[in-house]
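Here is a quick tour of some helices and charged pairs. Have the model open and follow along.

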Amino acid sequence: MATINGIEQGISCYSYTEQFIKNDDWTIDTVFAHVAAQGVTKVELVGAQTFQQYPVPREDEIQAVLEASHKHGVEVFSYGGYVDLGRVTGHAMSREDILSDIRLDIMTARRLGATFLRATGFGPDLAEAVNAIGEEYGIQIGFEIHAPHTPADPEVAEFMRVIDDKGLKNFGLVPDFGMFIERPTEIAVNRYIGLGAERKNLDWIIANRHNGMSEEEMQAHVASTMNGGYGEKVAISEWFGYLSFAPAELDSFAAMVPYVTYVHGKFYHLERDENGRVYEPTIPYERALSILADGGFQGVFISEYEGHAFYLDDADEQIGRHLTLGRSILESL
């Protein structure tokens, strides 16, 4: 896909989670065929989703990816690794445990031909040590900044300080645009209604999400004064967690851009207006992409569809819409 203003569009294979899980005949070859049909050549591959023997894939699993890559002209640009904090119940990973997992992920990234690793699960105190492993293997590492975290969080500032103070060359940040979600998608709202929530209660929770109540206080209030049930309980839990929303921290994002290695263009569902124009109803994509370009970012912008969170089986259509939206914004800058 063409590079526009120094930014190239790519696709996260994670976008095809719903199909990958539901269809026994889907393999990584199938995923790459769908990516290639979108006119995209760069992908992010998620290790824990792709490999049965994660974090140390079997040789035949690696070869299957390499053969599909060659067949469809698709490059594994980035490898998504995880420090699996929940692997052993009741056991807190030590510094050595975490660095060991990072090393395994980097070794897999190299075997796949990837030049970037997306990492998570550790703090700024390990950035220098992780950077050293990246230098050893010639891999750029991006720590993912994901909702509910924002560019204004103290931890993000500390990552940037360490990168500057230590002169880290192989370590940066991967912003996930999900952290700019300003309100819930209607798909999420309808899901909670399907779980028994009342629309008026959900509207109240949305309006008061940032009124100072803690999650526990809001759960108690909705249950005791609004007759809230299971649907409202799930909504509050997810809206304080991985589906959190808030006014986008775009001023803080500008300061973060120089540290960005590549970008996760997260989205849940794109709509069309009455004139057929594609738009994102929950994330201010035009402003966020403008800040990214104005800040001098040159690199890969990965479309990451997460409709599978709501069991939607329309990845090709949604990814196509997202690529169109991104291209139209970048061409207008």
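## Around helix H8

Let's start with a glycine: just after H8, glycine 196 takes a positive phi of about 110°. Keep in mind throughout that this is a predicted model.

H8 itself covers residues 186-194, and its buried residues are Ile187, Ala188, Val189 and Tyr192. What lies over them? The cover for the buried residues of H8 includes helix H9 (199-208) and H11.

## H10 against H11

H11 turns up again in a helix pair. Helix H10 (residues 215-225) and helix H11 (residues 230-239) have axes that come within 10 Å and cross at roughly 165°. An angle over 145 degrees counts as roughly antiparallel, so H10 is roughly antiparallel to H11. On the H10 side, the contact is made by Glu215, Met218, Gln219 and Val222, and H11 brings in Glu232, Lys233, Ile236 and Ser237.

As for handedness, H10 passes H11 in a right-handed crossing.

## H5 against H6

Now for another pair. Helix H5 (residues 95-112) packs on helix H6 (residues 127-137) at an angle of about 25°, and their axes are 10 Å apart. Angles under 35 degrees count as roughly parallel, so H5 and H6 are roughly parallel to each other. From H5, the contact takes in Arg95, Leu99, Ile102, Arg103, Ile106, Met107 and Arg110; from H6, it takes in Ala129, Val130, Ile133, Gly134, Glu136 and Tyr137.

Is the crossing of H5 and H6 left-handed or right-handed? It is right-handed.

## Helix H14

Next comes H14, which runs over residues 315-332 and has 18 residues. From its first C-alpha to its last, H14 reaches 26 Å, close to the 26 Å expected at 1.5 Å a residue.

Which residues of H14 are buried? The list is Ala315, Gln318, Ile319, Gly320, Arg321, His322, Leu323, Leu325, Gly326, Ile329 and Leu330. Note that Arg321 and His322 are among them.

## Salt bridges

How many salt bridges does the structure hold? There are 23. One of them joins arginine 161 to glutamate 158, at 2.7 Å from N to O. Why can these two be linked along one helix? They are 3 residues apart in helix H7 (residues 154-166), so about one helical turn separates them. An α-helix has 3.6 residues a turn, so residues three or four places apart point the same way. Arginine 161 counts as partly exposed because its relative accessibility is 41%, and glutamate 158 is partly exposed too, at 30%.

Another salt bridge pairs arginine 58 with aspartate 60, whose closest N and O atoms are 2.9 Å apart. Arginine 58 is partly exposed at 30% relative accessibility, and aspartate 60 is partly exposed at 44%. Then there is arginine 277, whose side chain meets that of aspartate 273 in a salt bridge at 3.2 Å, N to O. Arginine 277 has a relative accessible area of 47%, so it counts as partly exposed; aspartate 273, with 24%, is also partly exposed.

## A charged network

Salt bridges can also be linked up, as they are here: Asp176, Lys266, Glu304 and Glu306 form a network of them.

Conventions
Residues are numbered from 1 along each chain as its sequence is written. This is a predicted model: local features need pLDDT of at least 70, side-chain atom pairs count only at pLDDT 80 or more; totals for chains, interfaces and linings use all residues. Side-chain values use heavy atoms; hydrogens and water are left out. Helices (H or I, at least four residues) and strands (E, at least two) are DSSP runs, numbered from the N terminus. The expected span of a helix is 1.5 Å times one less than its number of residues. Buried means under 20% relative accessible area, exposed over 50%, partly exposed in between (1.4 Å probe, protein chains only). A salt bridge is a side-chain nitrogen of Lys or Arg within 4 Å of a carboxyl oxygen of Asp or Glu. Axes are lines fitted to C-alpha atoms, for helices over the stretch in contact, and angles run from 0 to 180 degrees between N-to-C directions. Angles under 35 degrees count as roughly parallel, over 145 as roughly antiparallel, 65 to 115 as roughly perpendicular and the rest as oblique. A crossing is left-handed if the near helix is turned anticlockwise from the far one by less than a right angle, and right-handed if clockwise. Contact means heavy atoms within 4.5 Å.
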